[in-house]
Amino acid sequence: KSDVFVVIRVKNQEENLECIVRSVIWRFLSQNGGGKLPVILIVDVGSDDKTREISKRLCDDYHFIYYTTESKYNEMKKNLFL
């Protein structure tokens, strides 16, 4: 398991999201010699385009990518820092 977490907050990023995520992955791999990958959490802050669908596809393609909404993310943070 990775001890590095990357949180990507997005809104209406259907045109850029996949490139952003893949850039994070490749940058991390190139800096760490192909070692561990970060856990990537995509937090959607209210998109009304295809950002959600693209995020879900990325989650299906990569076991270390997760998707959530802003309200669920805020609840998660609240529970973590009690």
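How many aromatic pairs does a search of the whole structure find?

## Aromatic pair

The search finds one aromatic pair. Tyr62 and Phe64 form it, and it is tilted, at 5.4 Å centre to centre with 55 degrees between the planes. Rings of Phe, Tyr and Trp (its six-membered ring) pair if their centres lie within 6.5 Å; planes under 30 degrees apart are stacked, over 60 edge-to-face, the rest tilted.

Phe64 is buried at 7% relative accessible area. Tyr62 is partly exposed at 21%. Buried means under 20%, exposed over 50%, and partly exposed in between (1.4 Å probe, protein chains only).

## Model and numbering

This is a predicted model: local features need pLDDT of at least 70, side-chain atom pairs count only at pLDDT 80 or more, and totals for chains, interfaces and linings use all residues. Residues are numbered from 1 along each chain as its sequence is written, and side-chain values use heavy atoms, with hydrogens and water left out.

## Nonpolar core

The largest nonpolar core has 14 residues. Such a core is a set of buried Ala, Val, Leu, Ile, Met, Phe, Trp, Tyr and Cys residues joined through side-chain atoms within 4.5 Å. Leu17, Val21, Ile25, Ile40, Ile42, Leu58 and Ile65 touch the most other members. Two or more residues come from each of β1 (5–10), α1 (17–31), β2 (39–44), α2 (51–61) and β3 (65–69). The most come from α1, which gives four. Helices (H or I, at least four residues) and strands (E, at least two) are DSSP runs, numbered from the N terminus.

Leu58 touches Leu17, Glu18, Val21, Arg22, Ile42 and Ile65, leaving aside residues up to four places away in sequence. Contact means heavy atoms within 4.5 Å.
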